[in-house]
Amino acid sequence: MCGIVGYVGNNDAYPILINGLKRLEYRGYDSAGVALVGDGCTLNVYKTKGKVADLEAHASGKPLGGSTGIAHTRWATHGEPNEANAHPHVSQSGNIAIVHNGIIENYATLRSQLSAKGYQFKSSTDTEVLAQLIDYFNTALDLPLLQAVQAALRRVIGAYAIAVVDSRAPRRIIAARKSSPLVVGIGNEGDFYLASDASPIIEYTDRMVYLNDGEIAILPAGGEMEIVNLDNKPVELNVTRVEMNISQLEKGGFPHFMLKEIFEQPDCLNDCMRGRVNAQGQPLALSSLRFHSKRMLNASRYIIVACGTSWHAGLIGKQLLENFAQVPTSIEYASEFRYRNPVINPSDVVIAISQSGETADTLAAVELAREKGAFIYGICNSVGSSIPRNTDTGCYIHVGPEIGVASTKAFTGQVTVLAMLALSLGMARGTLSHDEARQAVSQLTRIPGIIKETLERINPQVEQLAKMLTYARNVIYLGRGYNYPVALEGALKLKEISYIHAEGYPAAEMKHGPIALVDEDMPVVVIATRNAMYDKVRSNVQEIKARRGRVIAITTQGDTAMGDLADECIALPEVPEYLEPLITTIPLQLLAYHVAVCKGKDVDHPRNLAKSVTVE
Ligand code: F6R
């Protein structure tokens, strides 16, 4: 939530900052702003409500020079989205500008203390308080800027990734992190780039330093980067080479990132399985298991923690792990888990699932599990992000950067990794024979091709169908077994991008209450594929039809019986039941997408949402 970019070096900062903000817009788009420091100690700040394009229009024709700058795209936490609350915030002396991602929890106390010292505030944000606090130590107490930043951060409770510029020292940025992500790119000839993730930096350099909590980076143009902690002790620099394909950050001819990412899934899942299936003479070889097999195999229990779509993947993971590895597995919302007093034993393995690797609640759940001595396994997409750096081992899903705010390819990537994990553990624990594993893997490797064929075949049909759903006010999604989490995921996709109220239920739960909602105006999307649950789900469909509900059924090709019963059918190829979520989710992703497009919604930037939820 909120994206930060910074640049200090030999080039004009403005275009680098604007391009960087566009890459980070998925993190929030309530307002955008930029602060440019020129060699003549000028500080120009431009900010506006709305998106980066609005900022460009606002700044057009104004002085945009300066080879040092910081910029911000906001997801509002404190204060409504307007120009006054947009970052960067400038301190009272007019010298210091700051951008911030996170939440300063004790901002109200700090604000009243600073007000008593004569500081006046122009915004209702927590960030402006931090700007004034740094200013207070710098101007009133005469501390050099670095010490002023350290003193201010020692008084702050909360989460932050900040970048600070000072018009009196125009060739330097100071940046710090606690619980919100920040990465520094080391360019050529003393250029430094700074961002909330690597995507705005990668076109300039692949040499990155991921800051850890409590670290402060000093970036002097033309000089050497230094890292110190809050007590000014030097910290060793750990430079990582980051690989990222820039074309993955573009729409590649698709009208929206979401559609591109839906269509990318066949390639993504091949990438996810590459080197892991049919490798080293084995059906499956996960390096995370090779090096940590004892902890993983001897676990008395797996506890999956995640949020949102990743939690839905976790629900499927629970079934896969229990089915193949026969280890009791529970699944928890990370946000709930962290605030109760869960029973966690050192013999437990906690599996954290997160696309961004930065979700604050999931990260906190990981920390809690670590304190209690559990072994932590991460399933993440964003390479080098906080969760993989805080887990004992794990498996990247390798589906490439996901830019569309509604998660699609990350979900199928997570389910693919969970399937590989469950099959590997099953083999190693002896609950699954090598032959069974080999067959399952051969089915898994067919999935990308099946998705590709399915996407091309059903997309025009789903586009037509979406027109019917445009006027719906509520939609129910039903599924059973492995497809129950898919129903939840389908409903979430529809709500978040088309703003139509949707609920997912296990199909058999209908008769325990929700069926009261069904009438001729209620569309019901039912996943009714030919599997062990088929007859039961068919009865559920009959119950809905008896109450004149409109049924859109996701069926198995060749199933004419369901065709006679449902109002609309989207037919899918048959795959083993445990792999069905990878296929049944495809029409639901497309349906949500096309309904949102029909309704004229901003698919990639749904209202009130941000992709990386780094606040509680
Ligand atoms: C929904 C969506 C969110 C995320 C959730 C967790 O489309 O994207 O529900 O799944 O915020 O995010 P990660 O996976 O980054 O931890």
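Me: Two strands pair if DSSP finds at least two bridges between them. How many bridges join strand S1 to S10?

Reply: This is a predicted model, in which local features need pLDDT of at least 70, side-chain atom pairs count only at pLDDT 80 or more, and totals for chains, interfaces and linings use all residues. Residues are numbered from 1 along each chain as its sequence is written, and side-chain values use heavy atoms, with hydrogens and water left out. Helices (H or I, at least four residues) and strands (E, at least two) are DSSP runs, numbered from the N terminus. Strand S1 covers residues 3-8 and is joined to S10 by four bridges, the two running antiparallel. Within this pair, Gly6 faces Leu194 of S10.

Me: Which strand do six bridges join to S1?

Reply: That strand is S4, and the two run antiparallel. Tyr7 has Gly69 in S4 as its bridge partner. S4 is also joined to strand S2 (residues 31-37), here by seven bridges and again antiparallel. Ala35 stands opposite Ile70 of S4.

Me: In what order do the strands of the eight-stranded sheet stand?

Reply: The order is S3-S2-S4-S1-S10-S9-S11-S14, in an open sheet with antiparallel pairing. Strand S3 (43-49) and strand S14 (240-241) are the edge strands, and each of them pairs on one side only.

Me: How do side chains point along a strand?

Reply: In a regular strand the side chains alternate between the two faces of the sheet. In S4, Thr68, Ile70, His72 and Arg74 point one way, while Gly69, Ala71 and Thr73 point the other way.

Me: Are the residues of S4 buried or exposed?

Reply: Buried means under 20% relative accessible area, exposed over 50%, and partly exposed in between (1.4 Å probe, protein chains only). Seven of the seven residues of S4 are buried, so S4 is largely enclosed by the rest of the structure.

Me: Which strands form the open sheet of six?

Reply: The order is S5-S6-S7-S8-S12-S13, and the pairing is antiparallel. S5 and strand S13 (226-229) stand at the edges with a single partner strand each, so one side of each has no neighbour in the sheet. S13 is joined to strand S12 (residues 215-220) by four bridges, and these two run antiparallel. Ala217 has Ile227 in S13 as its bridge partner.

Me: Now the backbone. Which residues does a cis peptide bond join?

Reply: The bond joins His87 and Pro88, with omega at about -5°. Pro88 sits in the loop between strand S4 (68-74) and strand S5 (89-90).

Me: What is the phi of Glu189, and what is that of Arg548?

Reply: Glu189 is not a glycine, yet its phi is positive, at about 50°. Glu189 belongs to the loop between strand S9 (183-186) and strand S10 (192-195), and it counts as exposed because its relative accessibility is 68%. Arg548 is not a glycine either, and its phi is about 65°. Arg548 is placed in the loop between helix H15 (534-546) and strand S25 (550-556). Its relative accessibility is 56%, so Arg548 counts as exposed.

Me: Why does Thr362 count as buried?

Reply: Thr362 has 1% relative accessibility, and therefore counts as buried. Thr362 is part of helix H10 (residues 360-371). Contact means heavy atoms within 4.5 Å. Leaving aside neighbours within four places in sequence, the contacts of Thr362 include Val305, Ala306, Cys307 and Ile387.

Me: Which residues come nearest to the ligand?

Reply: A residue is near a molecule if one of its heavy atoms lies within 4 Å of it. There are 15 residues around the ligand, of which Ser310, Ser354, Ser356, Thr359 and Glu496 come nearest. By class, this shell has five nonpolar, eight polar and two charged residues (Ala, Val, Leu, Ile, Met, Phe, Trp, Tyr, Cys and Pro count as nonpolar, Asp, Glu, Lys and Arg as charged, and the others, Gly among them, as polar).

Me: How far is a polar side-chain atom of Thr359 from an oxygen atom of the ligand?

Reply: The distance for Thr359 is 2.4 Å. In the side chain of Ser310, an N or O atom is 2.5 Å from a ligand oxygen atom. For Thr309 a polar backbone atom is involved, 3.0 Å from an oxygen atom of the ligand.

Me: How much of the ligand does the protein bury?

Reply: The ligand taken alone exposes 400 Å², and the protein buries 90% of that (areas by the Shrake-Rupley method with a 1.4 Å probe). Helix H8 (308-325) and helix H14 (484-498) are the elements that give two or more residues to the shell around the ligand.

Methods. Polar contact = N/O pair within 3.5 Å; in protein donor to acceptor, adjacent residues only side chain to side chain.
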